[in-house]
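Here's a quick briefing to read alongside the model. Have the sequence and the 3D view open as you go.

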Number of protein chains: 2
Amino acid sequence: MPDVAKAILEFIDGVLPKTHATPEIAELYRMMRDYPWRGGKMIRSRLLLAMCEAFSGRFQDALPLAAALELFQNWVLIHDDIEDDSDERRGKPALHRIHGMPLALNAGDALHVYMWQVVHGSGVQGAFAAFLEMIHRTAEGQQLDLAWVEQKRFDLTTEDYFQLVHLKTAYYTVVAPLHLGMLAAGVKPNPVFVQAGLDLGAAFQIRDDVLNLIADFKEYGKEIAGDLLEGKRTLMLLHLLEHASETVKNRVIDILGQPRTAKSVEDVQWILQQMQVLESIPFAQNQADLLATRGLALLEKGLQSAPNQQAAQLILETARSLATRVA
Amino acid sequence: MPDVAKAILEFIDGVLPKTHATPEIAELYRMMRDYPWRGGKMIRSRLLLAMCEAFSGRFQDALPLAAALELFQNWVLIHDDIEDDSDERRGKPALHRIHGMPLALNAGDALHVYMWQVVHGSGVQGAFAAFLEMIHRTAEGQQLDLAWVEQKRFDLTTEDYFQLVHLKTAYYTVVAPLHLGMLAAGVKPNPVFVQAGLDLGAAFQIRDDVLNLIADFKEYGKEIAGDLLEGKRTLMLLHLLEHASETVKNRVIDILGQPRTAKSVEDVQWILQQMQVLESIPFAQNQADLLATRGLALLEKGLQSAPNQQAAQLILETARSLATRVA
């Protein structure tokens, strides 16, 4: 496979408008180009391209969809960063921190439009419907996530949690890339990949949440446990709330309900300690391992019929590192 | 022509998701349906439908595009209201005032996706490209508008102003509806309608800005001249800045540069008085009249070849009321 990241960025570069005689409009174009060139890992696009290759599709048929998936990721990140009022994205200030919320919101919308142009222009049968469903699901997941924080909902079950991560993460991270790769290859999508994608996507999200706690815990003094500061509902948190004493539970809820700036380092540390006492982090890690194992088995099963087994191995490796990554 | 508003809303009702077992997701669906059912005038869709009819197209071929234009208008309004932090929309609180900014932003994105579904499903040749261009232009206009306020730019010419209103208003209000109506009728679009649309759209925006000042001026004591409070660049303001003495100009810039809440009623009244002294409002009204006359003449010329002259008359009346409305 050619240098994937380079090919995708070249494609995007050819699609997005470059410059404009009016300085303000030239600035809009620069804003649209900012996130894509900050160097994401492009895991989702790699999965898509490898899937197309595994089923004997042509690289150039999958490339537009891979680029569209990157455009999707980038406009969503611009809007997510506004919704969460994030400070940073890929090691630099979030777009709305640089240009203000109104201009960043508008730039996200402009980028969204180019994503549809690329999907439309790809000519791949079924790709349009797949993007519609993917974005619709992701918006539903985002709604769940934001509404739970806003409504101070803590009475959530692990079933609720899995509904969230399937919608918010698994569809666009694994299910849609696998599906789009098959469409690009002109192969009828196999439903086994949907279940594989949901499992692997959920495992990825749990791992990501665990890393957020552990990494921050090590970097004590910096910004510890950003997810706890944001009040994000994670599997560890739900486990803690389910198994803690009434007193501990109430204090956790009390702390998480406070605005971000009102939370002290000690409060957040105390929640982390309670999670350690009740082994909430090992519980979550174990759940992620189980899901990763199941998802990889399903993926392997689905890939048995793939003509190009070298590409199939690449998919399995990518999925494995996605679902079991330790840093 | 059938009851246009009813037909469009029925179409939209059939497209948008209705309800969901998860209450938060059902809430997302309600948010997506909120603005469309607040009863907009649907002028743009009416133009589109009448244009199709004038060129012997079928109502059912134009209806999906009219519905998509309404969906466009509504998701853009959700995002615009966030960008401008508007209080109200169509007599009710703006969506982000009801649900908070993050959920409203996300609901706007979800609605945006359904717009593309409808455009894609319309099967009208060229419609996809027309929507791409329309949204791209509108985003450029929004960028100009927001950037000028943010950068405290006052050294703008009337040429700058017309670039703004063409991009921000004229394309999606007149140019695109006329163009899309012809596409739905399967007729090759006539470039005379582009110039007509730019003139009529600019006349509409100037009238709208004038009404904002005059209406508020009469309702003294309420919120006078919302556009002045927002620091919006209007033709009247540019005329004032161009013709005022250095002292007056500096004071106007000083007042407009202050945050909205820091502006006093007296300050805003004073600016209005300066506009009256220099006859900035009659100047703008005159410009709008000239543009309306020129635009209507071009529109009439383009419509001469239309087979259905009854529909052509309806278009001319709609355009006339749009560009010359007094309330």
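Pro259(A) is exposed, because its C-beta has 8 others within 10 Å (the rule: exposed at 12 or fewer other C-beta atoms within 10 Å, buried at 20 or more, partly exposed in between, with C-beta atoms placed from the backbone). Bear in mind that this is a predicted model, where local features need pLDDT of at least 70 and side-chain atom pairs count only at pLDDT 80 or more, while totals for chains, interfaces and linings use all residues. Residues are numbered from 1 along each chain as its sequence is written, and chains are lettered from A and ligands numbered from 1 in the order in which they are written.

**Loops**
- Pro259(A) sits in the loop between helix H12 (246-257) and helix H13 (265-277) of chain A (helices are DSSP runs of H or I with at least four residues, strands are runs of E with at least two, and both are numbered from the N terminus).
- Arg90(A) has a positive phi, near 50 degrees, despite not being glycine. You'll find Arg90(A) in the loop between strand S1 (88-89) and strand S2 (92-93) of chain A, and it counts as partly exposed because it has 13 C-beta neighbours inside 10 Å.
- Over in chain B, Asp85(B) is another non-glycine residue with a positive phi, near 45 degrees. Asp85(B) belongs to the loop between H4 and strand S1 (88-89) of chain B, and its 14 C-beta neighbours inside 10 Å make it partly exposed.

**Chain A overall**
- Chain A contains 15 helices and two strands, and its C-alpha atoms fill a box of roughly 60 × 55 × 30 Å along the principal axes.
- A compact globule of 327 residues would have a radius of gyration near 20 Å, and chain A agrees at 20 Å (taken over C-alpha atoms; the globule rule is 2.2 Å times the number of residues to the power 0.38).
- Helix H11 (residues 235-243) of chain A is mostly covered, with seven of its nine residues buried; among them are Leu235(A), Met236(A) and His239(A).

**Domains of chain A**
- Domain 1 covers 1-151 + 172-188 + 305-320, and domain 2 covers 191-304 (bounds come from an automatic or database domain assignment).
- Their contact takes 16 residues from domain 1 of chain A and 15 residues from domain 2 of chain A (contact: C-beta atoms, placed from the backbone, within 7 Å).

**Chain B against chain A**
- This contact takes 33 residues from chain B and 33 residues from chain A.
- On the chain B side, H7(B) gives the largest share, twelve residues.

**Helix H15 of chain B**
- The 16 residues of H15(B) (309-324) should span 22 Å at 1.5 Å a residue, and the end C-alpha atoms agree at 22 Å apart (the expected span is 1.5 Å times one less than the number of residues).
- Ala311(B), Ala312(B), Ile315(B), Ala319(B), Leu322(B) and Ala323(B) are the buried residues here. They cover an arc of only 105 degrees around the axis, so they lie on the same side of H15(B) (the arc is that of the directions from the helix axis to the C-beta atoms).
- On the other side of H15(B), Gln309(B), Gln310(B), Glu317(B) and Ser321(B) are exposed.

Technical notes
Two residues are in contact if their C-beta atoms, placed from the backbone, lie within 7 Å.
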